[in-house]
Amino acid sequence: MKLLAIESSCDETSASVLEKVGDVIKVYTNITATSVDLHAKTGGIIPENAARMQVKYILPVIARALSGDEDWEKATLILKNDIDAIAVTYGPGLIGSLLVGVETARTLAYTFDKPIIPVNHLIAHIYANFIQKNEYHEIRFPFVGLIVSGGHTDLLIFRDHGDYEWLGGTRDDAAGEAFDKIGRVLGLSYPAGPEIEKLASGANKTDVKFSSPLIREDNFDFSFSGLKTEAARFIEKHDIVKHKTLVAEICYATQKSIVDVLVRKTIKAAEKYNCRTVLVGGGVSANQSLRENLITKCKDLGIAVFFPEKMYSTDNAAMIGTYALLNPINKNWKAVVANPELYFA
Ligand code: KG4
Ligand code: ZN
């Protein structure tokens, strides 16, 4: 089966053409237009700005994914003759952004008489780990899934394709949100996660310490808003302009506080549910410290850990298509509607 996949739940506009060849998911194209420069200017995403850019980008991005250039006529011929179904993110996300992708998918599905496979964006982040891989070769069910993005931090157990259970998640801010908010107080540009990671690598690792909220609690919940307050108070009390090295130390302490709690609770879930495999997904899964810490600690326990290739950690359409290829539930275009509140239904 060959798919056109569309992702537009937050600030990216992405389209991908991919196919399941035997057991392997092959990504032929994955085109993403980002409006991050626009959001950097406003210090975060303004939903209307994101959706406006997506309206502008969606057709050129789809045309490029299908035909390699922006020739819409060529693209529609390929869609008509080569594509079996259209996968699209239908939630959760920003309503305006979701509508751009979903309504485009519905229109194309109606016009070219194709089925739609609606996809949950959060679950798709975990499925980024199946890209270019044989479905059964390395990743084994049951596995623990850790979703760490700008809007979500969740732990789930996956018993099979389409059979998953939510174990816990953040009570307030998500891990990526904590990176972004602390970065904002430090005067870093949005999104701050990658820059905090870069600055943290040059830090003296012992001077500043922040707590890891809920780390010892016997549950799978997270809380990162207290960390943001702790970091903001510290920044208020210290002259970070005069003491330049402090910025790197604050970045290191922020990253350590977040990584420590993510690693501990993920391993706890794997042990409790007897999973020998862990899959991580979402923008924060690009973080090298999270990757190294989780891999090292899991190796000692005989647990295999998978992270997506970094280009598939942040939002992209290839992960949406990958989920759809492994969970191919076709719907008529009329039955697919955007659901910004969708969680783990
Ligand atoms: O999954 P994603 O692309 O979008 C959402 O669905 O939210 O995640 C974006 C988040 C942002 O908060 C960004 O700061 C964070 O992922 N992020 C990182 C890194 N790269 C992206 N956080 C820490 N370290 C990174 N290297
Ligand atoms: Zn995402």
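This note sets out numbered points on the predicted model shown above.

1. Basis of the note. Residues are numbered from 1 along each chain as its sequence is written, while chains are lettered from A and ligands numbered from 1 in the order in which they are written. Because this is a predicted model, local features need pLDDT of at least 70 and side-chain atom pairs count only at pLDDT 80 or more, whereas totals for chains, interfaces and linings use all residues; side-chain values use heavy atoms, with hydrogens and water left out.

2. The zinc site. The zinc ion (ligand 2) is held by His121 (NE2), His125 (NE2) and Asp315 (OD), at 2.0 to 2.1 Å. Donors here are N, O and S atoms within 2.8 Å of the metal (3.2 Å for Na, K and Ca); water is not among the atoms, so sites may look incomplete. Along the chain, the donors follow the spacing H-x3-H-x189-D.

3. Geometry of the zinc site. The angles among the four donor atoms of the zinc ion (ligand 2) run from 95 to 145°, and the site is irregular. Four donors count as tetrahedral if all angles lie between 85 and 135 degrees; four count as square planar and six as octahedral if opposite donors are over 155 degrees apart and all others between 65 and 115; anything else is irregular.

4. Helices (H or I, at least four residues) and strands (E, at least two) are DSSP runs, numbered from the N terminus. An α-helix has 3.6 residues a turn, so residues three or four places apart point the same way. His121 and His125 are both buried; buried means under 20% relative accessible area, exposed over 50%, and partly exposed in between (1.4 Å probe, protein chains only).

5. Ser9. This residue is found in the loop between strand S1 (2-7) and strand S2 (12-21), and it is buried, with a relative accessible area of 2%. The side chain of Ser9 makes a polar contact with the side chain of His121 at 3.2 Å, and another polar contact, of 2.8 Å, joins the side chains of Ser9 and Glu7. A polar contact is a pair of N or O atoms within 3.5 Å; within protein, one must be able to donate a hydrogen and the other to accept it, and residues adjacent in sequence count only if both atoms are side-chain atoms. Leaving aside neighbours within four places in sequence, the residues in contact with Ser9 (heavy atoms within 4.5 Å) include Thr89, Pro92, His121 and Asp315. Ser9 and Gly91 are 82 residues apart in sequence, yet their C-alpha atoms are 6.8 Å apart in space.

6. Ligand 1. It is surrounded by 20 residues, the closest being Gly150, Asp180, Glu197, Gly283 and Asn287; a residue is near a molecule if one of its heavy atoms lies within 4 Å of it. A backbone N or O atom of Gly193 lies 3.1 Å from an oxygen atom of ligand 1. A polar backbone atom of Asp315 is 3.2 Å from an oxygen atom of ligand 1; Asp315 also coordinates the zinc ion (ligand 2).

7. Backbone details. Cis peptide bonds join Gly91 to Pro92, with omega about -15°, and Phe141 to Pro142, with omega about -5°. Pro92 is in the loop between strand S4 (85-91) and helix H4 (95-112), whereas Pro142 is in the loop between H5 and strand S6 (143-148). Positive phi values occur in Asp113, near 55°, and in Leu214, about 65°, neither of which is a glycine. Asp113 counts as exposed at 69% relative accessibility, while Leu214 is buried at 16%.

8. Helix H11. In helix H11 (residues 317-326), 10 of the 10 residues are buried. These buried residues pack against S1, S2, strand S3 (24-34), S4, S5 and H5. At the start of H11, a side-chain oxygen of Asn316 reaches to within 3.1 Å of the backbone nitrogen of Ala318.

9. Cysteines. How many disulfides does a search of the whole structure find? The search finds zero, a disulfide being a pair of cysteine sulfur atoms within 2.5 Å. Cys10 is partly exposed, with a relative accessible area of 24%, whereas Cys251 is buried, at 1%.
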